[in-house]
Amino acid sequence: MVTSREKMSALSELYQEIAVCRRCDLFKSRTKAVPGEGSENAEIMFIGEAPGWHEDQQGRPFVGPAGQYLDELLALINLKREQVYIANVIKSRPPGNRDPLPTEIAACHPWLDRQIEIIQPKMIVTLGRYSMAKFFPGKSISKIHGTAQRQDDVIYFAMYHPAAALHQGGLRGVIEEDMRKIPVLLAEAKNVAEVKPAPQQLNMFGS
Ligand code: URA
């Protein structure tokens, strides 16, 4: 059993390494690397795409308009950002907020993998296409948003990116409805884990 202290120390070491990372060329243009933040004991980990301008300035994930909306979405299910863990697929801002390149994603994956290994969340929520692609390869966000898959006792749940809902008002209702499924899925998974180990299907899960 890993203690909170051990997790915090592993995270702090990881943040120091990410701060000076030069695994891809994004280090040349970034102001600050954005490793991620939140509770080391978080049950839920939200994974976005890449830092934008605000995140690059502050070195913190989801602190611009999309982040404010993410905070509102968390409030819908009575959570504060301090209670979850928030990270991105890419730890440094792509110039002009362009889409991350496959080489950048590949270079950055080991950081995210280490974060997941340290936090050991019960649920991973992907925000947007790039994050979804890591856990739901080959799937389309319009088809699988709001559905979950369970693997090795972790629930993977796909959502639209909060920025998409800011740009397309019509998505707000959808993203909020998806958000409200999170506590239900988490509670259900915990119940199932207690009653009968290693189930493959939960209600609400997509195929
Ligand atoms: N969009 C993201 O995907 N991540 C952030 O941290 C901010 C905006």
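Colleague: In which sense, parallel or antiparallel, do strand S1 (residues 37-38) and S3 run?

Modeller: This is a predicted model, in which local features need pLDDT of at least 70 and side-chain atom pairs count only at pLDDT 80 or more, while totals for chains, interfaces and linings use all residues. Residues are numbered from 1 along each chain as its sequence is written, and side-chain values use heavy atoms, with hydrogens and water left out. Strands (E, at least two residues) and helices (H or I, at least four) are DSSP runs numbered from the N terminus, and two strands pair if DSSP finds at least two bridges between them. Glu-37 stands opposite Ile-86 in S3, and the 2 bridges that join S1 to S3 link strands that run antiparallel.

Colleague: Which residue of S3 is the bridge partner of Ile-47?

Modeller: Strand S2 (residues 44-48) is joined to S3 by 4 bridges, and these two strands run parallel. Within S3, the bridge partner of Ile-47 is Ala-87.

Colleague: Which residues of S3 point the other way from Tyr-85 and Ala-87?

Modeller: Strand S3 covers residues 85-88, and Tyr-85, Ile-86, Ala-87 and Asn-88 are all buried, where buried means under 20% relative accessible area, exposed means over 50% and partly exposed lies in between (1.4 Å probe, protein chains only). Tyr-85 and Ala-87 point one way, and the residues that point the other way are Ile-86 and Asn-88.

Colleague: Which strands stand at the edges of the sheet?

Modeller: The sheet is open and has 6 strands in the order S1-S3-S2-S4-S6-S5, with mixed pairing. Each edge strand has a single partner strand, so one side of each is left without a neighbour in the sheet, and the edge strands are S1 and S5 (148-151).

Colleague: Which residues make up the uncovered face of S5?

Modeller: S5 pairs with strand S6 (residues 154-159) in the antiparallel sense over 4 bridges, with Arg-150 opposite Ile-155 and Gln-149 having Tyr-156 as its bridge partner. The covered face of S5 holds Ala-148 and Arg-150, whereas the uncovered one holds Gln-149 and Gln-151.

Colleague: How far apart are the end C-alpha atoms of helix H4 (residues 102-119)?

Modeller: H4 has 18 residues, and at 1.5 Å a residue it should span 26 Å, the expected span being 1.5 Å times one less than the number of residues. A kink of about 35 degrees lies at Cys-108, shortly before the proline Pro-110, the bend being the angle between axes fitted to the seven residues ending there and the seven starting there.

Colleague: How many disulfides does a search of the whole structure find?

Modeller: A disulfide is counted when two cysteine sulfur atoms lie within 2.5 Å. The sulfur of Cys-24 has its closest cysteine sulfur in Cys-108 at 6.3 Å, too far for a bond, and the sulfur of Cys-108, whose closest is in Cys-21, is also too far for one at 6.1 Å. Cys-108 is buried, with a relative accessible area of 8%. The number of disulfides found in the whole structure is 0.

Colleague: Is Phe-62 buried or exposed?

Modeller: Phe-62 lies in the loop between helix H2 (53-58) and helix H3 (65-76), and its phi is near 50 degrees, a positive value in a residue other than glycine. Most residues other than glycine have a negative phi. With a relative accessible area of 5%, Phe-62 is buried.

Colleague: What separates the C-alpha atoms of Leu-74 and Ile-182?

Modeller: Leu-74 lies in helix H3 and counts as buried at 0% relative accessibility. Leaving aside neighbours within four places in sequence, Leu-74 is in contact (heavy atoms within 4.5 Å) with residues including Phe-46 and Met-179. Leu-74 and Ile-182 are 108 residues apart along the chain, and their C-alpha atoms are separated by 10.0 Å.
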